[in-house]
Amino acid sequence: MSEQKESSVLFSLKELMNLEEDRIKTEEAQKAAAAAAAEKARVEAERAAREAEELRIRTEEERRRNEERRAREEAARLEAIRQAEIEKARVEAEQKARLEAMAAQQHHERSLAALQQDESKKKLRKLLIGGAIASVLVIGGVTIAAVRSAQENEVRIAAEAARARELEEANKRLEAQFKESEGKMSALRDQLASAKDEATRLSLQKQLEQEQQKQDQLRSSRGGGRPAAGGAPASGGGTKAPCNCAPGDPLCSCL
């Protein structure tokens, strides 16, 4: 009987040891599976972050190329308008001078024909000839003034077109910087949301604050505006400065 009891006790201990070993193995397997899952999630997160950054870079490059193309098209359009205005002014000045010369010539011819029929009006003829000469001189002066006005108009149109291009390019640069900063902030927020340790979160938070300060500086540089005419401030009862913002400008202070 004692041998049977001892055998039963040994069997029970062995079963308990086997159960304990199974439990330990199960726990180790679960830990290994959890570690593998965590590593897989980390790798997937890093891959997703890389793909998002690559997509952002490709999108930014495409946007930059589109903006450069639009800028070239706009410059060509403005140049065409300027050339058309110059040509229009030149043609109008030439037509005006030609019509005035024709009118003076016709008047002179009619006067000569009348004088030829009456030799007794020689004195009057001399006066008319003098008037015709004076008319020619006046027409010459008008022609010179018209040409000079066309040249001044050309210079003015060129200056206005250059200023418009400069304003548009400055607005586009600020808008591009603002959008680039928005993309960086979005990426930093995503990284901050998935950060695992405190040091990484602090570093990402600092970068996010720096980008926010950069955006504030961009808004200040775009929204500073210009003083009203006569040096008066743009607010507080003075004349408000005109709004020169491009349509859809997110940095415009006129809104």
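This is a predicted model: local features need pLDDT of at least 70, side-chain atom pairs count only at pLDDT 80 or more; totals for chains, interfaces and linings use all residues.
Me: Let's start with helices. Where is Leu13 placed?

Reply: Helices (H or I, at least four residues) and strands (E, at least two) are DSSP runs, numbered from the N terminus. Leu13 sits in helix α1, which covers residues 2–116. Arg56 is placed in helix α1 too, while Ala161 belongs to helix α2, residues 122–193.

Me: Does burial have a cut-off, and which class does Ala161 fall into: buried or exposed?

Reply: Buried means under 20% relative accessible area, exposed means over 50%, and partly exposed lies in between (1.4 Å probe, protein chains only). Ala161 counts as buried because its relative accessibility is 10%. Arg56, at 24%, is partly exposed.

Me: Which residues make up the largest nonpolar core?

Reply: A nonpolar core is a set of buried Ala, Val, Leu, Ile, Met, Phe, Trp, Tyr and Cys residues joined through side-chain atoms within 4.5 Å. Here the largest one has five residues: Met185, Leu188, Ala195, Leu204 and Leu208. Two or more of its residues come from each of α2 and α3 (198–223).

Me: What does Ala195 touch?

Reply: Contact means heavy atoms within 4.5 Å. Leaving out residues up to four places away in sequence, Ala195 touches Thr200, Arg201 and Leu204.

Me: And on the surface, which residues form a nonpolar patch?

Reply: Patches are made of residues with over 30% relative accessible area and no salt bridge; like charges are joined within 9 Å, and nonpolar side chains (Val, Leu, Ile, Met, Phe, Trp, Tyr) within 5 Å. Accessible areas come from the Shrake-Rupley method with a 1.4 Å probe, and for residues, only the protein chains shown count as cover. In this model, Leu13, Leu16 and Leu19 form such a patch, with about 300 Å² of accessible area together. Leu13 is partly exposed, at 43%.

Me: You mentioned salt bridges. How many does the structure hold?

Reply: Side chains of opposite charge can pair when their charged atoms come close. A salt bridge is a side-chain nitrogen of Lys or Arg within 4 Å of a carboxyl oxygen of Asp or Glu. The structure holds 20 of them.

Me: Which partners does Arg47 meet in salt bridges?

Reply: Arg47 pairs with Glu44 (2.6 Å, N to O) and with Glu51 (2.7 Å, N to O). Arg47 and Glu44 are about one helical turn apart because they lie three residues apart in helix α1. Glu51 is four residues from Arg47 in helix α1, about one turn. Arg47 is partly exposed at 34%, as is Glu51 at 41%.

Me: Which residues are linked in a network of salt bridges?

Reply: Glu61, Glu62, Arg64, Arg65 and Glu68 are linked this way. Within it, Glu61 and Arg65 meet at 3.5 Å, N to O.

Terms used:
Residues are numbered from 1 along each chain as its sequence is written. Side-chain values use heavy atoms; hydrogens and water are left out.
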